[in-house]
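The sequence and the structure are shown first.

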Amino acid sequence: MAATTTLSFHFPYRKLSSRSQFSLSSPSSRLKSYTVASRYNLCISTTATLSLLAFRSPNSPTFLAKATRNTQPMLPPFNVLITGSTKGIGYALAKEFLKAGDNVLICSRSDERVEAAVQSLRVEFGEQYVWGTKCDVRNAEDVKNLVSFAQEKLKYIDIWINNAGSNAYSYKPLVEASDEDLIEVVTTNTLGLMICCREAIKMMVDQPRGGHIFNIDGAGSDGRPTPRFAAYGATKRSVVHLTKSLQAELKMQDVKNVLVHNLSPGMVTTDLLMSGVNTKQAKFFINVLAEPAEVVAEYLVPNIRSIPANGSKKPTYIRFLTGLKAYSQIFSRLAFGARRNRYILED
Amino acid sequence: MAAVVKLHVFPDSLNRPKTRFFRRGFGSCPSPGVLGFGHDCDRFSVRECRAFRTEDGGDAKEKKSRNLKKSEVNSKRESGFWSSLQSILLRNFMVGSKSDDEYRQAVVKVEGLLSSIAIQIGRYIVTMMSTGVILSIGFQMSGGDSQMDALIWYSWLGGVIIGTMIGANMVLEEHCRAGPRNVVITGSTRGLGKALAREFLLSGDRVIVTSRSLESVQATVKELEENLKEGIANSVGSSLTKLSHAKVVGIACDVCEPHDVQRLAAFAVKELGYVDIWINNAGTNKGFRPLLQFSDEDIKQIVSTNLVGSILCTREAMRVMRNQANAGHIFNMDGAGSGGSSTPLTAVYGSTKCGLRQLQGSLLKECKRSKVGVHTASPGMVLTDLLLSGSTVQNRQMFNIICELPETVARTLVPRMRVVKGTGKAINYLTPPRILLALVTAWLRRGRWFDDQGRALYAAEADRLRNWAEDRARFSFTDAMEMYTENTWLSVFSLSVVCAFIILSSTGNNMPGT
């Protein structure tokens, strides 16, 4: 259930030579859309800002009181909660956090998988650091239970990673996609994540140590088209947008102790990505750009941990596969044939 | 069709005076190569004229082919001009033993045709005479100054070209507007959806309205039928024949239920045969407040209506359109957040709309070679329940400036949705000129919809419609401007630049000392 793949599935690789700028998510490709809608959004956000004055008076005293009450610095070890973490990148992240000495709470839709994952992690890292429970993020009750489980076992959560994501393991044009797949993709990636974010913020606002929420993005989150997995791309785009809106919302409400970040693992060789290997282009980019979950987690976890450790109050966007990296990898492939047939046999 | 007639004729009449003038004006031209034409000034002028002619001829040809296509599509409702004339002549000369009755009918037909031809010729003569009068006045005023004469000719030429282009565009649009479209609009029992449905209906289209509740669908269908009846009662001539094809039917459909959407598609095919335009308008917001204050049910409804609903409806529409003979167009509605900027207090709504914009890109790639067009329509800010629920007094003060009534927005969007071609078009209400206008006139707009206490000042829907029915006939300049493609304006602009360049260079040459 790990949400992976970033940006580059359908890289405009013919155009590479003509592009001199090395930032995958720079909005250059979206310049077009900066016309009307964005202006209109501008309007709406100004209205929203104005309305905030009205909003603040009834609502935020409670918030403020909570936020200013005896704050504590966030010191390691951290309590980490990762959704959808019995396999793929979620599992790799959990392992990496455990290696760094943190406490980890894992969850997923299936009881058996949680049980198995907890067992194997406990064998490796000891009894008292790993907890696990069943949680279907699409179900609000489950998420609430997850929060109470976390409060019961760990008292507080410092880092909440919204990793659960799905593409229903199907890669085909929207016309051929089935109802169940589409609904599963949207409800897991968007609805589930929204509910998780809401519950996480609700929980963390009351915590003296505050908290950090990380939302995992995926292909399409920079606004580039994702043919063959259109629904997935749309949901991932909405994830990034939700993060942005939440950051603005928390700023408006003067909530300083909860931060929402984006986390981009790039392309990871999990089931989610590998189920889509059926075109030549896909094979090419997976070979060139994808990395195993362990490699990605090794890079991401120190970066994630450095945020609370430094007491940073700025929302961040941590990327594994940066534009520079992606382009240089593609270049070395094209120039020297590096990484050919790395995971999958091409043609 | 006046424009068409003009098109064919004026380049010939243009040829002579222009040649003369180029000879005169450029006789002493030291470097005509600057313009990228040949050395010879004669050649230059001739080429120039040819260029104009081909352009206009191309236009006319295109138009003709369009007309032909249109008439085929309309299942040959109107027999062509030439065929009818031919048949009459044949009847007259070949078959002498026809009954008087038929003969009289034929004569009436011919009379009608001849009178229409006479009207066209009359229009043409009037146009040419009036331009001639203007020209001669100009010459009188210039007093024989050759430079001034040249200037007048150029400006006349520019005017004629711009006029014909605008005229040709109008004729084109008129043809594109013809023929009933089959339209499906989701979430169309309230707000913008209803206004869109009404506008389509009054344009003579067949419309399917849907919403979650059967009662409101039935009520809306009834109301729209009333509107249609009124429209028929008030209309005359061509608009009456246009409206005779219009109809409205409805079915209950919850867009986030796959089975409902499939039923809607089947219903559309059964009722209309095929679908030209499918508008995914259903959307919900549930008020302005921080995410923490949204209940589970609220979030679920917003996501499933906006995102799941649009995806399912788009897929179903694509399935319907793939199996039909003619092209179809799908519109997804933009909203706050589509552009990617953050939408605090409507985080859920904003992120679903942002996701939809990305979906649009993916669909565009997936539908590249099919005849399904995927478009977005952005209504801007509309005074509907979606926007007003949970808005504060301060919000409403802002709404005064930038908001519009749903009918106004629908009036602008619908004509452009009806004539949309290709794929990946964005039809926006709040275009930069409109935003500029709104900001410039912000002071005047303060008490437009809401007063200081946030009470609504605008009329209820029924009253609005009554006033609006009279208003419909009025010509809106901004709408007319929007109708022309960007290319038209671009070519008008570049033509004027070319004219200015020619004038400047020709005047500059005769200056002493240069």
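## Chain A overall

Helices, of at least four residues, and strands, of at least two, are taken here as DSSP runs numbered from the N terminus. In this predicted model, chain A contains 10 helices and seven strands. Chain A has 347 residues, of which 54% count as buried; among its contacts between residues at least 6 apart in sequence, 75% join residues at least 24 apart.

## Helix α11 of chain B

Helix α11 of chain B, formed by residues 347-366, has 20 residues and spans 29 Å from its first C-alpha to its last, which is close to the 28 Å expected at 1.5 Å a residue. Because 18 of the 20 residues of α11(B) are buried, this helix is largely enclosed by the rest of the structure.

## Packing of α6 against α14 in chain B

In chain B, the axes of helix α6 (residues 191-202) and helix α14 (residues 406-418) come within 8 Å and cross at roughly 50°. Angles of 65 to 115 degrees would count as roughly perpendicular and those under 35 as roughly parallel, so α6(B) is oblique to α14(B). The crossing of α6(B) past α14(B) is right-handed.

On the α6(B) side, the residues that meet α14(B) are B:Gly191, B:Leu192, B:Ala195, B:Leu196, B:Glu199 and B:Phe200, and their partners in α14(B) are B:Pro406, B:Glu407, B:Val409, B:Ala410, B:Arg411, B:Leu413 and B:Val414. Sorted by class, the contact of α6(B) with α14(B) comprises nine nonpolar, one polar and three charged residues. An α-helix has 3.6 residues a turn, so residues three or four places apart point the same way.

Technical notes. Residues are numbered from 1 along each chain as its sequence is written. Chains are lettered from A and ligands numbered from 1 in the order in which they are written. This is a predicted model: local features need pLDDT of at least 70, side-chain atom pairs count only at pLDDT 80 or more; totals for chains, interfaces and linings use all residues. Axes are lines fitted to C-alpha atoms, for helices over the stretch in contact, and angles run from 0 to 180 degrees between N-to-C directions. Angles under 35 degrees count as roughly parallel, over 145 as roughly antiparallel, 65 to 115 as roughly perpendicular and the rest as oblique. A crossing is left-handed if the near helix is turned anticlockwise from the far one by less than a right angle, and right-handed if clockwise. Two residues are in contact if their C-beta atoms, placed from the backbone, lie within 7 Å. Ala, Val, Leu, Ile, Met, Phe, Trp, Tyr, Cys and Pro count as nonpolar, Asp, Glu, Lys and Arg as charged, and the others, Gly among them, as polar. The expected span of a helix is 1.5 Å times one less than its number of residues. A residue is buried if 20 or more other C-beta atoms lie within 10 Å of its own, exposed if 12 or fewer, and partly exposed in between; C-beta atoms are placed from the backbone.
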